[in-house]
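Visitor: I'd like to learn how to read a structure like this one. Could you walk me through it?

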Amino acid sequence: MLTSEQSIVEFKAAQVFPDKLKRNAHRHYFEFAEQMLSIYANGIGQQRRQLHKQVEKLFQDEADCPIRRIDAFCKLLDDKSVYYTDPDGNAARLRLQVFSKAAQFHPLVSQRDQLFEHVENDIKHKIAKELEKPWDEIEQCLYADVMEYQRLKEFEGYSGASEFLSRYNVAQLQAALYKAQTMRIWASGDFKTILRYAKLARLLHEIKRIGPSQYEMVLSGPLSVLHETRRYGISFARFLPALLACKGWRMSATIKTPWNGTARLSLSDKDGFSSYLPQPDEFDSSVEEAFAKEFGGERDGWRLIREGEILHENQTTFVPDFVFRHKDGREVLMEIIGFWTPEYLAHRRETVRRFRDCNILLAIPESSLKSDVVKAKDIVTYKKALAIKSVVEALCEFKIKVD
Amino acid sequence: MDFEGKNEQIILKWDEGTLLLDGWPSDNTPYNMGIWRWDSRVGNWRCDAIYYQRIKEKLSQTANFRDEVMQPASVHWPKVDLPTLRPEQSEALDNWTQSGRRGQVIMPTGTGKTEVALAVMAQTKTATLVVAPVRDLMYQWHRKILKGLGYDAGIVGDNTFDIRPVTVTTYDSAYIHISRMGAGFGLLVFDEEHHLPGRCRREAAILSTASMRLGLTATPERSDGLHKDLDFLIGPVVYNMPFRRAKGSTLADFDVIRIPVALNDEEQQVYSQCSRIIREYIVSQREENPGYNWQELCKETGKDPKARHAQKAYHLKTSIESRAEEKLRVLEDIFRLHNGQQTLVFVGSNAMAIEVSKRFLAPTILSHTGKKERLAVLDGFARGMFKVLVANQVLDEGVDVPEAKIGVVIGGQGSTRQAKQRLGRILRKNGGSQATLYEVVCENTKEVHRSRSRRRSDAYERTIHRRV
């Protein structure tokens, strides 16, 4: 991720536009990216500041490139680099050694006179001799631990110019979010992924159903309800790649402007950002996958939608595996309990109990059922694969609860 | 044990820098206190942790109330070894205690603010979080707590996260981690408190339940006026010792000598060229837009290559100003003139510090300098083995430096506070003898203006102008 100092945003009509390199307008950046990658790939052993200077030089005659963009490129390249950091403190030890030797000759003058006879070059030569190393080498090592002077050890790099540039675009989006206060998401799918990553980023959610399989989620942190805070900006930035990997969403974040106003950062899955996270898996288990494939789009008036609704109470959420919607308006959720550990099953049971007033049909493997459990109407059992027939029967018999 | 049923139990809980009131009905603001907000996301009332004391007083009158907020541990100091306070220090301590153990103490640098804070800690004997501006100061607090109170404090910052009942940290780390560690401290000490009211950093005070708070500074004012909020964040000013009073008594007298240096021909040429580029660009922009200024230029650097050119020219100018070769020559003259005297050299950038260090083989203290090296360098300087110590902004505030009579400022920005702090550094009581601060600035550059603004501070009233 970038630092705030590398963030470039434009504010126009209360909208925030983070810097974005476009396929056409910035076609020539492709070549820049390749050159930057090769500077680093060929730069093993060079100092950080030398590498940065080379990158900067590339853009010398480029009209369209702010300094912050160059700094951001360097940061993204450094993120994939390992530098020699002198963890044993060799440079510090050398400094103390050299400075202690030199102290008695202070001040080192450029020219000898009657009062001062210790000439800079003579003393340096003398110390070099004592340490049995040429002075140039000593001087090179003297501040080798300072960040700018560290030498490149390894460069992992990016898979190519195009990945590097798309990483840049995402990084600028993330950096713009450092100043975000809340994030509003309208989603029509991939709810599990969105909610799971929001929770991982320690964000709180507020969920509103705005239509069948349509949800509005507002993300913020504990403090946000009390006053404006930037505390959760980093969390939004961390969360973003997960959102970019999802489908069927748009998002609007409230961003604080430098002149203390607010602006919006709007984004959707159509904006062509690619996440470095993989797309969410379509199915949690093979039982689910096999069932969905066999069921097809519709049977006996029931349409099957994967992870189509969110059940929620305060900060607990539950996205059942499937929703069945009947032509006549009936709607039944189904959760397939897989073959899992007893702990997992207990946890699942607790969640289901919490939302027992919702219309949930449970599919449970026979082997997980204790013998003394009375089979309820809203439970179907299965051995290895879930049979369509038993599910459709259960659906037809399901008593819809109305609140 | 309460048997009236779960629903009526009212529980106050800590939640990441806020307090949650569980069990209070949503349609009725607790005690009509405007500090509460209903948080529908979790189904509880919520407020900032800073109000903890007020809430507790109210709620303790309520039946079925349970307080689950972590309480500060009491601290036993293994070995108290503190100096007797001077009259002004005791006055500050007494005023703070009498004003409900909340408030700000304003004393000039070098008059023993830290000693007041340690006396406060010795007296309050409660879990304490000390917040300092930079990690050097954080380590310095750690050493002083160890020396004065015999306590090995925890450290949060500098890639360490080690919370103990008494912990030292920096403003940046406090801001980041306060939502984790804001409960459990009885006393907060804000060193150089003028760093606290910033839009983010203030959360270090707001997200903590500590009832006792002490702020320390020589210079509370902020140019953005936010220092007014310190009353809320810490408490009222309980003691204010003016700079003038300090100067004649506990601080030594000092001279300020400004040495203008000329750039060499090449530098001057590049410098003038850069100035011309910037001037011409701004003039050309003002033809269309009379109010055009530097900020607008910076905004346009992405689109307009000329604007970027002008910005680059500006950066080049700045680097010429701070790195002029001539400054190294002047430095040599000062070293010759004060041979045998301890001399501190302040520089504006790491690069310049390293240049001076390599030229004179003098030790440096930079922002990244490790603990061990720092101690060795400061100790070597205190013992007089090292005659010169080169430092960047790190030493600007509050870091205790061994006595020196000669200070040299090279580069640096012209804020009043920095000037006071830097002066304080070399003007520590040093046997009553005269101290001298040299300012080495480039002639005909904007550094001269900075030097002027630096002198506007009352500490600079007796500046002497001298050409070397």
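Visitor: Which strands does helix H4 (residues 135-149) of chain B lie across?

Guide: First, some housekeeping: this is a predicted model, where local features need pLDDT of at least 70, side-chain atom pairs count only at pLDDT 80 or more, and totals for chains, interfaces and linings use all residues. Residues are numbered from 1 along each chain as its sequence is written, while chains are lettered from A and ligands numbered from 1 in the order in which they are written. Now, H4(B) lies across strands S7 (128-132), S8 (154-157), S10 (166-170) and S11 (187-191) of chain B, at about 160 degrees to S10(B). Helices (H or I, at least four residues) and strands (E, at least two) are DSSP runs, numbered from the N terminus. Axes are lines fitted to C-alpha atoms, for helices over the stretch in contact, with angles from 0 to 180 degrees between N-to-C directions.

Visitor: In what order do the strands of that open sheet in chain B come?

Guide: Strands of a sheet pair through backbone hydrogen bonds, either parallel or antiparallel. Here 8 strands run S9-S8-S10-S7-S11-S12-S6-S13 (chain B), with mixed pairing. The edges are S9 (160-162) and S13 (237-240) of chain B, each pairing on one side only; pairing takes at least two DSSP bridges between two strands. S6 (residues 102-106) of chain B runs parallel to S13(B), joined by 3 bridges, and Ile106(B) has Asn240(B) as its bridge partner in S13(B).

Visitor: And how do I read two packed helices?

Guide: Packed helices are described by the angle between their axes and the distance between the axes. The axes of H3 (residues 67-79) and H7 (residues 161-177) of chain A come within 11 Å and cross at roughly 110 degrees. That makes H3(A) roughly perpendicular to H7(A) (65 to 115 degrees; under 35 is roughly parallel, over 145 roughly antiparallel, the rest oblique). Ala72(A), Phe73(A) and Leu76(A) of H3(A) meet Arg167(A), Tyr168(A) and Ala171(A) of H7(A); contact means C-beta atoms, placed from the backbone, within 7 Å.

Visitor: How many residues does each chain bring to the contact between chains B and A?

Guide: Chain B gives 39 residues and chain A gives 35 residues. On the chain B side, H13 (350-360) is among the elements that supply at least two residues, and H13(B) has the largest share, 4 residues.

Methods: Two residues are in contact if their C-beta atoms, placed from the backbone, lie within 7 Å.
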